[in-house]
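Trainee: I'd like to learn how to read contacts, sheets and helix packing in a model like this one. Could you walk me through it?

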Amino acid sequence: MTHKQPVLDLSPKVSDEIRKTTCYMCACRCGINVHMKKDPLGDLKVAYIEGNRDHPVNKGVLCAKGSAGIMQHNAPSRLRAPMKRVGERGSGEFEEISWDEAYDIAASWLKPIRETAPEKLAFFTGRDQSQSFTSLWAQSFGTPNYAAHGGFCSVNMAAAGIYTMGGAFWEFGQPDWDHTKLFMLFGVAEDHDSNPIKMGIGKIKKRGARIIGVNPIRTGYNAVADDWVGITPGTDGLFILSMIHCLMKAGKIDLHYLAQYTDAAVLINGDEKSPEYGLKLRDEGGKELVIDRKTGKQTPYDQKGVKPDLAATLRVAGVTHRPVFHQMAEMYLDEKYAPEAVAERCGISAQRIRTLAAELARVAFEEAFELEQEWTDFRGEHHKTMTGRPVSFHAMRGISAHANGFQTCRALHTLQILLGTVEVPGGFRFKPPYPKPATAHPKPHCKVTPNAPLDGPHLGFVHGPDDLALKDDGTPARIDKAFTWENPMSAHGLMHMVISNAHAGDPYKIDTLFMYMANMSWNSSMNTSGVTQMLTDKDESGEYVIPRIIYSDAYSSEMVAYADLILPDTTYLERHDCISLLDRPICEADAVADAIRWPVVEPDRNVKGFQSALCDLGARLGLPAFTNDDGSQKYADYADYIVNHERRPGVGPLAGWRMGDHGPQAGRGGVNESQIDNYIENGGFFVEHIPDGSNYYKPWNAAYQDWAVKMGLYDSPQPYLFSLYAEPMRKFQLAAEGHGKRQPPDHLRARIKHTMSPLPIWYDTDQQGNEGFTVTALTQRPMAMYHSWGSQNAWLRQLHGRNPMYVPTKLMRARGLADGDWAQITSPHGAITVPVMEMAALNENTIWTWNAIGKRKGAWALDKDAPEATKGFLLNHLIHELMPPKGDGLRWANSDPVTGQAAWFDLKVAIKKVNPPPDAESQPSMPPLKSPVGQGPSELKWKVGK
Amino acid sequence: MTQLPTSTEKKLGLVIDLDTCVGCHACVISCKGWNTENYGAPLSDQDPYGADPSGTFLNRVHSYEVQPSQGDAQLIHFPKSCLHCDDAPCVTVCPTGASYKRVEDGIVLVNESDCIGCGLCAWACPYGAREMDAAAGVMKKCTLCVDRIYNENLPEVDRTPSCVRTCPANARHFGDLGDPNSDVSKLVAERGGIDLMPEQGTKPVNKYLPPRPKDQLARQDEQLDILAPFLEPVATESKGFLSWLDKTLEKI
Amino acid sequence: MHPAPSVIFFSTFSGLGFGLLIFLGLGMPATTGWSAFAFFTIAYLLAVGGLISSTFHLGHPERALKAFTQWRTSWLSREAWCAVAALTLMAIYGAGLVFFEQRWVFLGWLGAIASLGTVFTTSMIYGQLKTVPRWNSLLTPANFISLCIAGGALLSGQTTWAVILLALAGAIQVFTWMHGDSALANSGTDMATATGLGSIGTVRAFEPPHTGTNYLLREFVYVIGRKHAQKLRIIAIGLMTILPLILLLLPFNHWIALIAVAAHVGGVLAARWLFFAQAEHVVGLYYGKR
């Protein structure tokens, strides 16, 4: 009998229309094609989401989160209308109100504050992608208390990169995926730049290039790494410095690169009696001085033909001034960094450390290559080729979120620079507008004037004690104590300290806490239960200690229940946004790019994009940046702002299709009323490629510098040297040594002297109070989930509906544990009781779990018995925002002493087997929240077309 | 018709690279999205916001820990969907003819309007490639995106299964495994692609590329000889180092 | 495998029904008239009731007629044909006995063969599955057929046959269990072949693809404790074979016969539950189960 089969329609209609916008299922910001189909009623609905092939970030691919966007867009947890609290805080009792009423309430709280004491408003935004806008609003309001979530995320990496070389990883730069032959990855489960890293890994695997993964946990990218180094958490800096020791000792460093492009040859003041001891020698114009190897004379570094000498010293009036490189040799050749000396502490054998260092050396120098590309450097010297050193690195929060994270990140950048692999073919490459050194960034501003804007941008880069955000009496100007002696270089603020400090009235009390997209009563806070308590605490008069809380979110998150006024945000498919060069751009190493979001569907609820709401509220408060001269509202909504706002003449939120004399042009230009339409026509983004020959050696490449000025990235060419030696840190040390007018409090002097080393060091994080707690506990973010957002997503929550604690084989045996058993995990701060699972590919003294799977009962429109709430759990309960009391009456933050970055990954715990808790529910189990949006349906059959 | 064709013109299938798959589940959800909206009944979800959520998926990513006799344990992410077997037992057991293998390209499909939902095909499949949809009462399985790969409404470059198009790490490859000169066949030959459960006699079309050998740098004895020269010290302390530096700079 | 009640009831009762039909077809007992009517009614209630219950697990029972089309390859389709043939032939044969006091012997033999064929095809639905090594053996049809005819003998009151066949069925059942306990291990399929990763080292399932359940886990992964299973086996063999044998060897009494039948049915139900519950589908290997 012959084979019979049905006739199929092989070319069914895919969609009625494709609308191209930008994903927001995580921070990666991929381009997406939203396929719209008519439903049986004839309405266009979102039917399918795929990656946009033309988009610079993802080039067509899309992760699980991105494809599941349709389930985020239709999630039953979406808030429906503005709400005011009618019960006690935390009760979840709300009443829906109109937007007018919501604005009136907000204005009635905020106007009096602005007129008397603007700092009484603390405005902090979480996973905000519009920081250049929200900061403008806060600046115009006049409060110094503004920041986004960088302080509890990855400020150590960002700041260390900026201070060292003018940029770090992810938004700042990327490996040269097309040429690199060895890619070394520190930490990083699925942190940032998620699709580009996966694409990069795919690319280099295809070429047969290799990956070394350094991570206590072998999952994800580390699982596909050719070699895995299961390091002990918190010791990455020591491991890196040991490799630096090996490489320097073997002379396997790029001396030419160091001399030409870094401050290695810059002379350091060696006069111990001078108030400038340890600072860089400079000419009258402030240019660093080096000794020219050809003449033997001192000269500014940037003169034509200068060959900076790494070896020569300068002797003046009996004092020897030595170059940075001398200090480095002295410091890193010390035997305390020898592999044998660090092996045990790092959990990596000495032999392994040597092998890894040797492999870096082998690939950097033996597999070096020349790219046939002429270029001219900033000294005017012409080069026939570009030398490639095909070793590249990447790291994010894994090495950042420790109290030694800043110095560890500096060490990693130093390693890259010593190998000569930054901004060279095969190495690490910046993405415009980076490279941009710390000196080209603003400094922090904190001068408050009632009824007037702040004196400048809140956040920035300090260059010494003079730039700290201190009041005249020396107390912190900011509620989060950013830019104070406790953490002088806190470039992103300290969002994780805001509620704790506001509750303690330290440094002062506030009136209104205004937050956006930050789940502070749950996974975004250390010490979750404690923070919940702070939000609901009342003082003697029966008033809340934090009197007013305004919160904006699109979804029924745990934080909603703790706010007094809710401004409901839209989903990402219903809003305007700009992914701006003024903010956190999406550029590529070869191109400048930015993008928009636009409402591919209109909201079917009474909700508004938060930024549009701020345009309204700003006008009602009379904020100068949001009001016309006649007092009317300046920007009708966020889209209006995106098109019409100009930060500097000719430079606005979007760099594409700006109006020039002869029509739209890229980079600089005037306002173009149809700019958003131009973006939509182009697929939602703008990209302009960097000309060949300008795309490597960017900090020193004259052609790149000129191009960057043309594009409006800088206002004038500004080549610079990489800072192996971080002079601003030395300035803080000088203050701690007694120099200068601004002096640190005595209890911080020793710490500042120690931790603010201008050359990278490693120190163990504060272990006081950790006696008996010997196991490190970590979290990783699963690739198919982002923060707390994933659990409301019907598809994603099936992948990760609960999270076990993964325990290494040796600890499982030692504690008599088997898969599915329950264990109590205790830290000096608290205890959780959770299910465990065995994992062999894990550092033998580390336990871990997936981040932010655990949910509070009743949140996110989930059933109260959802596995996220009954089996899932947060590690946050074990982590305090403060160190255990030291008996000095002071509140010591659990943060990096340089930047204030939250030290999530310093957590030390003890683990023991226990009986399953009642109802076999993870502990602590907090009481259910009342859902303001009810619960989702019992079945989903999501099909738009027939 | 549940008799298998004696031969198919092509053997379309997937090649999955276990050396590259990072376990991100992108393919899982892209598949869910496309196949919910397209071929046949939507892939439904029961209790999607409740205590026991459970839905139909045509592609799922497992992970395995492998402990070699020496060295560190390894972790391997393992995507799995229908392997479009040459000797597909799921087809021959079907009592209604709903399950069939296409003669043009070897794709194994379910004609949902003929499916009585008896589940026998899923019983016959050793790979767990078929899932009964609880709402539609019919068997769902990977269609190799038969409604994409020939779809003239899609640009040519997009005529691939949605899991392949979306895979960020490029760990999934689609092509004709019956043609020894196709890219996928060459990849399989080059990397030693394997069958899953070959002893089941299903002759799967989809192939898996095994992980490359791991932790070679940890093989101390071998690496020592190769790499040790790269760390030959130029000096033992900083003074010696500075004189080496001076000499070396002379040569640059 | 998930021990679905509908399938357990179907295979147990239709097995008994067709078993009775076999004996009726062979003229054992050689009844006619009302007595034949009673026997046939019982046989049809069991056989047809079982068949109907088997449709309860279908997603689309209204399309059940399509199941007749694929007899060339599908044992389920063949079962449908056999069942219809058996029920039709035996209906005609039964009508002869009940209404015409006629025994059409040839038709009876044909009906008996078709009835036996039905149980055989049912058993082959399971026996053909390479994916369930415990079932993938000639012992599966042997087990089903021996139970079917032993039950038939018991119901038809063929004491001698019943004693012999019950003993035989019990022996086959024990042998099936013994063989089945090592079938997965002997099948050559394990996590190493399932994943192809065995050449690197020992394979262990780490994270499942989903934290909740799904169709595969519900349908194919059913785990019962060893001790629990052993207990059930003793109960099953006791009820199915030993107790009826003892009762049959006692002087005949209708009540005792009824108890013997009830015990046998209970035992077969327990054995059938174990047949499913203990069967390991190889897909469980992907989930690290068994």
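**Reading strands, sheets and helices**

Mentor: Let's start with one pair of residues: in strand E1 of chain C, the bridge partner of B:Glu65 is C:Arg204. Keep in mind that this is a predicted model.

Trainee: Which strands does that pair belong to, and how many bridges join them?

Mentor: Strand E4 of chain B, residues 59-67, is joined to E1(C) by 4 bridges, and the two run antiparallel.

Trainee: Zooming out, how many residues does each chain bring to the contact?

Mentor: Chain C brings 46 residues and chain B brings 54. On the side of chain C that touches chain B, the elements giving two or more residues are helix H3 (75-99), helix H8 (191-195), strand E1 (202-205), helix H9 (215-220) and helix H12 (283-286). E1(C) gives the most, with 4 residues.

Trainee: And what is that side of chain C made of, by class?

Mentor: Counted by class, there are 20 nonpolar, 19 polar and 7 charged residues.

Trainee: Now a sheet. What is the strand order in the open sheet of chain A, and is the pairing parallel or antiparallel?

Mentor: You read E11-E10-E9-E21, 4 strands with parallel pairing. Strands E11 (227-229) and E21 (391-395) of chain A are at the edges; each has a single partner strand, so one side of each has no neighbour in the sheet. From one strand to the next, the twist averages 15°.

Trainee: Last one: how do I describe two packed helices?

Mentor: You give the angle between their axes and the distance between the axes. Take helix H1 (residues 5-25) and helix H11 (residues 254-277), both of chain C: their axes come within 9 Å and cross at roughly 135°. Because of that angle, H1(C) counts as oblique to H11(C). Their crossing is right-handed.

Trainee: Which residues make the contact?

Mentor: From H1(C), they are C:Val7, C:Ile8, C:Ser11, C:Thr12 and C:Leu16. H11(C) supplies C:Val265, C:Val268, C:Leu269, C:Arg272, C:Trp273 and C:Phe276. Sorted by class, this helix contact has 8 nonpolar, 2 polar and 1 charged residues.

Key. Residues numbered from 1 in each chain as written. Chains lettered and ligands numbered in written order. Predicted model: local features only at pLDDT ≥ 70, side-chain atom pairs only at ≥ 80, totals over all residues. Contact = placed C-beta atoms within 7 Å. Nonpolar A, V, L, I, M, F, W, Y, C, P; charged D, E, K, R; others polar. Pairing = 2+ DSSP bridges. Axes fitted to C-alpha atoms, helices over the stretch in contact; angles between N-to-C directions. Parallel < 35°, antiparallel > 145°, perpendicular 65-115°, else oblique. Left-handed = near helix turned anticlockwise from the far one by under 90°.
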